Amino acid sequence: MSANRGWWAPPEGEDSVSEKLLRKTRESPLVPIGLGGCLLVAAYRIYRLKARGSTKMSIHLIHTRVAAQACAVGAIMLGAVYTMYQDYIKKTAQDTREK
């Protein structure tokens, strides 16, 4: 038994959680942007909860969910367009320059 039994350390050769997060962020930078957008929308809608007036709570929550999903889907679409740009347009431009 080790002395610091309560602490978990990743096995040698494996990344820590923060290193994995940084690596994944470098690989696909729009994922954290989408998550951040979802969190911002949720925070704003929670802030606006007091000033919703006569709107029912269920309608307010539906609007919050739709806005958060729009941020996530928008980030996914931007990522797809960026990937298509890199794979097709940028690649064909490099191929024509090489010929």
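These are my notebook entries on a predicted model of one protein chain.

**Ground rules.** I number residues from 1 along each chain as its sequence is written. Because the model is predicted, local features need pLDDT of at least 70, side-chain atom pairs count only at pLDDT 80 or more, totals for chains, interfaces and linings use all residues, and side-chain values use heavy atoms, with hydrogens and water left out.

**Overall fold.** I looked up the secondary structure first. The chain has 3 helices and 0 strands. Along the sequence the pattern reads α-α-α. Helices here are DSSP runs of H or I with at least four residues, strands are runs of E with at least two, and both are numbered from the N terminus.

**Surface.** The chain exposes about 8800 Å², and carbon and sulfur atoms supply 64% of that. Areas come from the Shrake-Rupley method with a 1.4 Å probe; for residues, only the protein chains shown count as cover. Of the 99 residues, 8% are buried. I call a residue buried under 20% relative accessible area, exposed over 50%, and partly exposed in between (1.4 Å probe, protein chains only).

In the model, residues 30-47 are 100% helix and 0% strand, with end C-alpha atoms 25 Å apart. Residues 67-85 are also 100% helix and 0% strand, and their end C-alpha atoms are 27 Å apart.

I searched for salt bridges, meaning a side-chain nitrogen of Lys or Arg within 4 Å of a carboxyl oxygen of Asp or Glu. The structure holds 1. Arginine 23 pairs with glutamate 27, and their closest N and O atoms are 3.7 Å apart. Both sit in helix α1 (residues 17-27), 4 residues apart, about one turn of the helix. Arginine 23 is partly exposed because its relative accessibility is 31%. Glutamate 27 has 53%, so I log glutamate 27 as exposed.

**Cysteines.** Which cysteine sulfur is closest to that of cysteine 38? The sulfur of cysteine 71 is, at 5.7 Å, too far for a bond. Cysteine 71 is thus in no disulfide. My cut-off is a pair of cysteine sulfur atoms within 2.5 Å. By that rule I count 0 disulfides. Cysteine 71 is partly exposed, at 28% relative accessibility.

**Helix α2 against helix α3.** I compared isoleucine 46 with threonine 64. Isoleucine 46 is in helix α2 (residues 30-47). Threonine 64 is in helix α3. They are 18 residues apart in sequence and 8.6 Å apart in space, C-alpha to C-alpha. Is each one buried or exposed? Isoleucine 46 is exposed, at 60% relative accessibility. Threonine 64 is buried, at 14%. A polar atom of the threonine 64 side chain lies 2.9 Å from the backbone oxygen of histidine 60.

Last, I looked at tyrosine 85. Tyrosine 85 lies in helix α3 (residues 57-98). Its relative accessible area is 40%, so I log tyrosine 85 as partly exposed.

How values were computed:
A polar contact is a pair of N or O atoms within 3.5 Å; within protein, one must be able to donate a hydrogen and the other to accept it, and residues adjacent in sequence count only if both atoms are side-chain atoms.
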